[in-house]
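Dear colleague,

I am handing over the structure below, and my notes on it follow. Please read them alongside the model.

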Amino acid sequence: MSQGEQRHGPIHLAGVPLRNRVIVAAGCHGASGNVIVRTAQHGVAAITTKTIVAQAAPDVRPCFAAVEGGFINSVFGTTLSAAQWFEDELPRAREAGIPVIASLAGVNPAAAADLARRAVAAGAAMIEMPTVCPHMGEILEAMFPGLTMPPPETRDVSPYVANVRAVKDTVNVPVIAKFSALFHANVVEWALAAEEAGVDAIACADAFGPAIKIDIESGEPSLGGPRGVGGLTGPALKPIALRMILEMAQQVSIPLIG
């Protein structure tokens, strides 16, 4: 096999065949079954759903704002219910003819395992488990006025490991850990812990932040929510993510998704 064939031809990710190396990350291009089917027509190898949670949350408005070098967003996850995903959206998404990765966020091991079990029964080929979003507190505070959220947990890996082990004990499909760029300083520690817990691959990196953009005409934040903060993504994040991938590649043996 030539170097070009190795780089661009069919591969396997944790045993799942992929026709190339392009995987659509969790986001707007995985917002529903119909969107996944349309996105698959562009030749990608796999598509990740928007993050499915037990209780879907509405997006604060506006939830996207362009900044120099990328954009910030205040999107929590899917706005569709878990029941709709498992009964309608994932079965429809399977018609895309490529692996569908179900991104799931459970509040505890039992909830994470239940979501994973239902997702696999509905046709998910793999499970993705995100860590934390820098703007999660902002969205929850918008949903529940008066609620005070602590900063995202980036030091204690044990709650995440417990969720991973519960999911691995429940389903027999590959499980992908998705790390936020908030772990830029200790990503190796998290990667080693996730690998030991049994994840089959790691995706890196989700948003950095919290970040804010101010509209100079109005003097107000460009995003909705109590403070107008969100997660920074886009080209500005790529050098950080690449360095995180480099550090992990030197320490773990499982596949890494940049």
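What percentage of the 258 residues in the chain do buried residues make up? Buried residues make up 50% of them, where buried means under 20% relative accessible area, exposed over 50% and partly exposed in between, with a 1.4 Å probe and protein chains only. Please bear in mind that this is a predicted model, in which local features need pLDDT of at least 70 and side-chain atom pairs count only at pLDDT 80 or more, while totals for chains, interfaces and linings use all residues. Residues are numbered from 1 along each chain as its sequence is written, and side-chain values use heavy atoms, with hydrogens and water left out.

The chain has 8 helices and 14 strands, which are DSSP runs numbered from the N terminus (helices H or I, at least four residues; strands E, at least two). Its radius of gyration is 18 Å, close to the 18 Å that the globule rule gives for 258 residues, so the chain is as compact as a globular protein of that length; the radius is taken over C-alpha atoms, and the rule is 2.2 Å times the number of residues to the power 0.38.

Arg61 and Pro62 are joined by a cis peptide bond with omega about -10°, and Pro62 sits in the loop between β5 (52-53) and β6 (64-67). A cis bond also runs from Cys204 to Ala205, with omega near 15°, and Ala205 belongs to strand β11 (residues 201-206). Ala14, in the loop between β1 (11-13) and β2 (16-18), has a positive phi near 55°.

Best regards
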